[in-house]
Amino acid sequence: MPALTDTNAPVRPTVWIGLLPALVVCLAAPAFFVLRITWLGWALLALGMLLAWLLRGQLDGRGSAEASDAPADPHAAGAVARRPSLVRDLSLIAIGMLIVSVIPLKAELDNWAMVRFTLALGGAVLVPYLISRYVYRDYAIRFPWRGGGRWTTFQWTWLVVVLALGWLILPFYFITSGVYTNWPVVNTPELIARLFVGVGAVGIWDELFFICTVFVLLRRHFPMAVANVLQAIVFVSFLWELGYQAWGPLLTIPFAVLQGFIFLKTRSLAYVVTVHLLFDAVVFLVLVHAHNPGMLDGLFLV
């Protein structure tokens, strides 16, 4: 199965008027997760959805924002293809963000915090998926694990590059900026194990929600670059509250954009998850190193 690229993807004429409600909905993410003004996030989601609803006639009339996408899930018996709807797709993104916004995203490792994260983050992926599949019946959200088949030499090389870049950049970022203190002290085997599980689980969730849900839904209506920038707004805002602060956006913005680009080229959830987990493995080691001077001396340059 060939990788889906911009050159062989279905052509979707752009309706730029649809960009306004999409941008307003995505701007709710910095309201929720950066400014932490909940009412502002609610207001932006409501405004974005209202704009999408009011503009639906113009979007439908011009036939662009609702250009046909891939057919419904071919494995679903009786599935009927539906034209993409900006109102429906933005509602799925809004629902996911609302679910995430109900919990504080400060990194914690106690039992209740891990249950809280599991329920909220899991719900933010599962609920939009179930609504898309069983309520809207447009099968807009999918999780293509293997995508385009075997990984290329370039893809294997990129994994090595990701490890090298993480090893060079992440210790300097976390330690010199002091943002490692946004994560709890891990000075026992149990806490270190919990940190390992938490970092990996959130990394996998990032790809399920920001890429396979937010990016894919936006890509049904906008060119790759536009959809990628919009999903990066949501992605980076979440990472900010999680702890990637100070000059962290200089790292998280290109990372979010690259993950969207890689997924579009490979259509492989397995690959973008592997990239993310390799990066997060370095994050985990840096956090252990920063909280336990002397434990991993010699592994990093800082």
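Trp205 and Phe209 stand 4 residues apart in helix H7, so about one helical turn separates them. Helices are DSSP runs of H or I with at least four residues, numbered from the N terminus.

The model is predicted: local features need pLDDT of at least 70 and side-chain atom pairs count only at pLDDT 80 or more, while totals for chains, interfaces and linings use all residues. Residues are numbered from 1 along each chain as its sequence is written, and side-chain values use heavy atoms, with hydrogens and water left out.

## Aromatic pairs

The structure holds 20 aromatic pairs (Phe, Tyr or Trp rings, the six-membered one for Trp, with centres within 6.5 Å; stacked if the planes are under 30 degrees apart, edge-to-face if over 60, tilted otherwise). One of them joins Trp183 and Tyr244: the ring centres are 5.2 Å apart and the planes stand at 85°, so the pair is edge-to-face. This pair connects distant parts of the chain, 61 residues apart. Trp183 lies in the loop between helix H6 (153–177) and helix H7 (189–219), and Tyr244 in the loop between H8 and H9.

With a relative accessibility of 7%, Trp183 counts as buried, and Tyr244 is likewise buried at 12%. The pair of Trp205 and Phe209 is stacked, with 5.2 Å from centre to centre and 10° between the planes.

## Packing of H8 against H9

Helix H8 (residues 224–242) packs on helix H9 (residues 249–266) at an angle of about 135°, and their axes are 9 Å apart. H8 is therefore oblique to H9 (under 35 degrees is roughly parallel, over 145 roughly antiparallel, 65 to 115 roughly perpendicular, the rest oblique). Axes are fitted to C-alpha atoms over the stretch in contact, with angles from 0 to 180 degrees between N-to-C directions. The crossing of H8 over H9 is right-handed (the near helix turned clockwise from the far one by less than a right angle).

On the H8 side, the contact (heavy atoms within 4.5 Å) involves Met224, Asn228, Gln231, Ala232, Phe235, Val236, Leu239 and Trp240. H9 contributes Pro249, Thr252, Ile253, Phe255, Ala256, Val257, Gly260, Phe261 and Leu264. By class, the residues of this contact are 13 nonpolar, 4 polar and no charged (nonpolar: Ala, Val, Leu, Ile, Met, Phe, Trp, Tyr, Cys and Pro; charged: Asp, Glu, Lys and Arg; polar: the others, Gly among them).

Helix H1 (residues 19–33) and helix H4 (residues 86–101) meet at an angle of about 5°, with 10 Å between their axes. H1 is therefore roughly parallel to H4. From H1, Pro21, Ala22, Val25, Cys26, Ala28, Ala29, Phe32 and Phe33 take part, facing Leu86, Leu90, Ile93, Met97, Leu98, Val100 and Ser101 in H4. The contact comprises 14 nonpolar residues, 1 polar and no charged.

H6 and H9 pack at an angle of about 170°, with axes 13 Å apart, which means that H6 is roughly antiparallel to H9. Gln155, Trp158, Ile169, Leu170 and Tyr173 of H6 touch Leu251, Leu258, Ile262 and Thr266 of H9. This contact of H6 with H9 has 7 nonpolar and 2 polar residues, and no charged ones.

## Ser91 in helix H4

Ser91 is located in helix H4 and counts as buried at 12% relative accessibility. Leaving aside residues up to four places away in sequence, Ser91 touches Met49 and Tyr136. Ser91 and Ser132 are separated by 41 residues in sequence and by 10.0 Å in space, C-alpha to C-alpha.

## Positive phi in two loops

Most residues other than glycine have a negative phi. Arg36, which is not a glycine, has a positive phi of about 60°. Arg36 sits in the loop between H1 and helix H2 (38–54) and is partly exposed, at 49% relative accessibility.

Ala246 is not a glycine either, and has a positive phi of about 55°. Ala246 is placed in the loop between H8 and H9, where it counts as partly exposed with a relative accessible area of 46%.

Key:
Buried < 20%, exposed > 50% of the residue type's maximum accessible area, 1.4 Å probe, protein only.
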